[in-house]
Amino acid sequence: MRVLLPFLALYRRHGGRIALGMLLAIVTLLASIGLLSLSGWFLAGSALAGTAGLYTFNYMLPAAGVRGAAITRTAGRWAERVVSHDATFRVLQQLRIDIFTKILPLSPGVIAGFRQAELLNRLVADVDTLDHLYLRVLSPLLSALVVSLVVTLGLCALDVRLALTLGAMMLAVLVVFPPLFYHAGKSIGRDLTRLRAAYRLHLVTWLQGNAELTVYGAAGTTVVSWMKQNVIGSGGNSGRPGWPPCPRPCLSCLPDWRLPCCCGWRPTTSAGHGLRW
């Protein structure tokens with residue numbers, strides 16, 4: 001978490017939009033809960049009233065409440081997406097400006113220590129990964145926490161014991177599940193980050209030296225060498241038992257063996273499934 005502290009400071013410049021996005025997310029979740037609760041009460045009340053309640057049971061106000069909650073949920077979700085993504089784009093814009101501001105004053109000797117593909121990966125992958133910090137981590141967790149507190153306080157008016165029980169269950173879910181899924185997907189995230197970086201590195205190298213490699217007839221040999229050096233060691237398609245490397249020199253075979261490459265090839269599995277040319 002300490003690694004994210006410098007990046008969290010960037011969100012202070014757009015605190016208003018970020019707070020508005022979280023507020024809209026909370027309103028949307030409350031509207032969804034209200035819609036489900038009111039719909040359930042309306043159906044149960046209508047069933048209990050029966051035909052005898054045609055003239056005594058008020059059908060208009062609950063129906064209007066259901067429609068209002070549905071409209072609020074739809075409009076709130078749309079507004080939350082617009083505001084949240086706008087705030088995220090502004091943060092990423094400022095982050096890219098800060099990165100360029102730090103890189104440009106460096107001497108050519110310092111920049112020469114990095115390959116162009118490495119700089120591209122820093123500017124593209126590392127920056128774009130931060131868009132998930134607010135959209136998929138901060139906003140959902142904080143919104144769920146506030147909504148859990150509001151629902152617990154609302155249920156206290158009906159039954160304190162039930163409200164405390166449900167509140168404890170929701171709090172336990174918020175405390176247990178995020179760290180659990182974080183540790184479960186930590187190794188996969190590292191592998192994906194390493195494979196994407198290797199893919200960009202090889203792609204830029206390929207594009208820069210494609211003319212020379214083609215002239216000297218070393219294009220296919222170079223790609224096969226890259227696949228042997230990187231894909232086998234990182235768990236790619238060549239490292240999976242029974243999965244031979246792509247017979248064509250396709251760079252898109254490098255990042256992920258689970259996806260078919262650009263030439264339409266995918267090794268046939270033991271059941272005979274898979275794509276071929």
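**Aromatic pairs and a helix crossing**

The structure holds two aromatic pairs, where rings of Phe, Tyr and Trp (its six-membered ring) pair if their centres lie within 6.5 Å. This is a predicted model, in which local features need pLDDT of at least 70, side-chain atom pairs count only at pLDDT 80 or more, and totals for chains, interfaces and linings use all residues. Residues are numbered from 1 along each chain as its sequence is written, and side-chain values use heavy atoms, with hydrogens and water left out.

Tyr11 and Tyr134 form a tilted pair, 6.1 Å centre to centre with 40 degrees between the planes; planes under 30 degrees apart count as stacked, over 60 as edge-to-face and the rest as tilted. This pair links distant parts of the chain: Tyr11 lies in the loop between helix H1 (5-8) and helix H2 (15-49), and Tyr134 lies in helix H6 (residues 131-156), 123 residues apart. Helices here are DSSP runs (H or I, at least four residues), numbered from the N terminus. Tyr11 and Tyr134 are both buried, meaning under 20% relative accessible area, with exposed over 50% and partly exposed in between (1.4 Å probe, protein chains only).

Phe177 and Phe181 form a stacked pair, 5.9 Å centre to centre with 25 degrees between the planes. Phe177 and Phe181 are separated by about one helical turn because they are four residues apart in helix H7 (residues 160-215). Phe177 counts as partly exposed because its relative accessibility is 38%, while Phe181, at 57%, counts as exposed.

Helix H6 also meets helix H2: their axes, lines fitted to C-alpha atoms over the stretch in contact, come within 9 Å and cross at roughly 50 degrees.

Key
Helices (H or I, at least four residues) and strands (E, at least two) are DSSP runs, numbered from the N terminus. Axes are lines fitted to C-alpha atoms, for helices over the stretch in contact, and angles run from 0 to 180 degrees between N-to-C directions.
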